[in-house]
Amino acid sequence: MAVIQLKNYVAPELDKGFVPAVLWNREYRKLADADKNRQRVALTLERVNGAISRFDTAILAETAENTALNVRYIERIVKMMLWSFGGYRVGIYGAPATAAEIAKIYSPDGARAFDYQVMGERIYDRTFEIVTGSFDAAPAGKAITVKLGGHFDGCRIGFDLGGSDRKCAAVQDGKTVHSEEVVWDPYFQSDIQYHYDGILDSLRRAAAKLPRVDAIGGSAAGVYVDNQPRIASLFRGIPEKDFATKVRPIFLEIAKEFPGVPFVVLNDGEVTALAGAISLKRNSLIGLAMGTSEAVGYVTPDGSLTDYLNELAFAPIDYRENDAPCDEWSGDAGVGALFLSQQAVGRLAPAAGFDFGKMPLPEQLKMVQKAMAENDPRAAAIYRTIGVYLGYAIAHYADFYALENLLLLGRVSSGNGGTIIVETAQKLLGEQFPELKVAIHVPDETFKRHGQAVIAATL
């Protein structure tokens, strides 16, 4: 039976068991290319707006001895595609036996029951399904993009909803005439009226600074479809039974307070990426924020946003099969949130020699940052390890996105530790993936002056 063996592997110093997805996939593909009976496979994801994402590859011949490797390879690619692009209908064309196994995994009782439920009913209001057929029967990809952002004319309001504060700005012909930050605590509020009143209060205060309101744009964590939250941490305190009736329509109801005014709400990662593209004047860009979790947005080569989910916190970057860190929400192992966020710092701290006990993750990060400022080698080891994670993650993401630029943000990437992360990732990319020309950027003062809320106003 074939075995995947990694070559020229840079092991993260505090996490020797890490198996980079990009390297595992590369070695598997070499095996498949050498198999004269290999099978061409097309993987497709269909969304309710008719968009289709397609990924072509090949697998080993569908024999009993190859089943485990084939299923591992295709299942991880499907998982990556689901959380990169989104879709309620997965097509696996050219590999009927493998497709049958994947259908068992992505089922109400399978290992990916979370993805089955969220991708189906929660996000797309459909029953999630796996379809199969011959390779030649696979539908062509169909992209849907939209030009948003950069509209500084007129009187605009932008808002950015975070877990500890909400920001709102009023912009008139490109000039910020009002900007404020209001502390709030939305996570565990069980009454949706708290959220409604808070958001509307900020918008009205901004509107009072303008002669009129021509457009409103906003950003918030989560998945948004047609201005409706489908998964959103801001509303985690609302009972699940009330989500569809109270949370989903909240922005539609708020928009009614401004009749006739265009109103758009996007995932905060998308707005971050857009702000980065506008600030840097570069496209083909992923904005990646290492905060409480991993937040991501993407701007295409022509400067457009897409209908992709870009929720890479749920996408796998570590393929180890034993003892991989597991995400408590999705139940999956090796996903991005565990490696590119505060969770990674907390997980690596004991291996580096820190003993924080049950200290909350944000406080642990502060302690590591303090140690880094004091040139503590234990802290530097944590940041070098995360830098290796990031380098391999970027190379993996480049298999699915047209990627030339990455804007790195978030509390984990701040200070001297952030410099180590960037330098480590760039060094790894240069040595192991010289064919990739991905520049890593950090926010400059121009970006900071724009602000997320101001850029949201230009949507």
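**Helix 12**

I began with the buried positions of helix 12 in this predicted model, and I noted Gly417, Gly418, Ile420, Ile421, Val422, Thr424, Ala425, Leu428, Leu429 and Gln432 as buried. While reading that list I kept in mind that an α-helix has 3.6 residues a turn, so residues three or four places apart point the same way.

I then looked up what covers these buried residues of helix 12, and I found that the cover includes helix 1 (21–34), helix 10 (361–373) and helix 11 (377–397), together with strand 13 (285–290), strand 16 (405–409) and strand 17 (439–441).

I also checked the length of helix 12, which runs over residues 415–432: at 1.5 Å a residue its 18 residues should span 26 Å, and I find the end C-alpha atoms 26 Å apart, which agrees.

Next I traced an open sheet of four strands, whose order I wrote down as 2-1-3-4 and whose pairing is mixed.

Which way do strand 1 and strand 3 run, parallel or antiparallel? I found strand 1 (residues 39–46) and strand 3 (residues 89–93) to be antiparallel, joined by five bridges. Going through the partners in strand 3, I recorded Gly91 for Thr44 and Val90 for Leu45.

Turning to strand 4, I found that strand 3 is joined to it by five bridges as well, but that these two strands run parallel; here Ile92 has Thr132 of strand 4 as its bridge partner. I also looked at how far strand 3 is covered, and four of its five residues are buried.

**Cysteines**

Last, I searched the whole structure for disulfides and found zero. Cys155 is in no disulfide, and the nearest cysteine sulfur, which belongs to Cys168, is 14 Å away, whereas a disulfide would need the two sulfur atoms within 2.5 Å.

Are Cys155 and Cys326 buried, exposed or partly exposed? I noted Cys155 as buried because its relative accessible area is 1%, while Cys326, with a relative accessible area of 46%, is partly exposed.

Conventions: Residues numbered from 1 in each chain as written. Predicted model: local features only at pLDDT ≥ 70, side-chain atom pairs only at ≥ 80, totals over all residues. Heavy atoms only, no water. Buried < 20%, exposed > 50% of the residue type's maximum accessible area, 1.4 Å probe, protein only. Expected span 1.5 Å × (residues − 1). Contact = heavy atoms within 4.5 Å. Pairing = 2+ DSSP bridges.
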